[in-house]
Amino acid sequence: AASGEAPLAMVEREGLGAGLSDEALAGAVADVLAANPDKVEAYRGGKTALMGFFTGQVMRATGGKADPAKVAVALREALSGG
């Protein structure tokens, strides 16, 4: 690191290793879906390419801390009504 700080210390300070709790991820998914009801309906109507849009919105909402694989699973569950 240019700062001379040990990588592990930087990861801990920035919270980069912590990931995101399941509750925080679920909240972000719910917020994104609630903010985009037209896109939710379009997705449920067959426009599955919108998954990329939703994933990007959740990643932005979580500051990039969410695991993209978990985001995809959470979105599929939420969009299927489960």
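Which residues line the largest pocket? They are D22, L25, A26, V29, A30, L33, K70, V73, A74, E77 and A78. The model is a predicted one, in which local features need pLDDT of at least 70 and side-chain atom pairs count only at pLDDT 80 or more, while totals for chains, interfaces and linings use all residues. Residues are numbered from 1 along each chain as its sequence is written, and side-chain values use heavy atoms, with hydrogens and water left out.

**Overall fold**
- The protein has five helices and zero strands, where helices (H or I, at least four residues) and strands (E, at least two) are DSSP runs numbered from the N terminus.
- Along the sequence the pattern reads α-α-α-α-α.
- Of the 82 residues, 26% are buried, meaning under 20% relative accessible area with a 1.4 Å probe and protein chains only.
- Contacts are heavy atoms within 4.5 Å; among those between residues at least 6 apart in sequence, 59% join residues at least 24 apart.
- The accessible surface (Shrake-Rupley method, 1.4 Å probe) is about 5,100 Å², and carbon and sulfur atoms hold 57% of that surface.

**The largest pocket**
- A pocket is an open set of points on a 1 Å grid over the protein atoms alone, where a 1.4 Å probe fits, with protein on both sides within 12 Å along at least five of seven lines; lining residues have an atom within 4 Å of a point.
- The volume of the largest pocket is about 150 Å³, counted as the space filled by probe spheres set on the points.
- Two helices, α2 (22-35) and α5 (68-79), each supply at least two lining residues, and α2 gives the most, with six.
- The lining has eight nonpolar, no polar and three charged residues; Ala, Val, Leu, Ile, Met, Phe, Trp, Tyr, Cys and Pro count as nonpolar, Asp, Glu, Lys and Arg as charged, and the others as polar.

**Helix α4**
- The 12 residues of α4 (residues 50-61) should span 16 Å at 1.5 Å a residue, and the end C-alpha atoms are 17 Å apart, which agrees; the expected span is 1.5 Å times one less than the number of residues.
- L50, M51, F54, T55, V58 and M59 are buried in α4, and these buried residues pack against α2, α3 (37-44) and α5.

**Helix α5**
- α5 also has its span listed: its 12 residues reach 16 Å from first C-alpha to last, close to the 16 Å expected.
- V71, A72, A74, L75 and L79 are the buried residues of α5, and they pack against α2, α3 and α4.

Technical notes
Buried means under 20% relative accessible area, exposed over 50%, partly exposed in between (1.4 Å probe, protein chains only).
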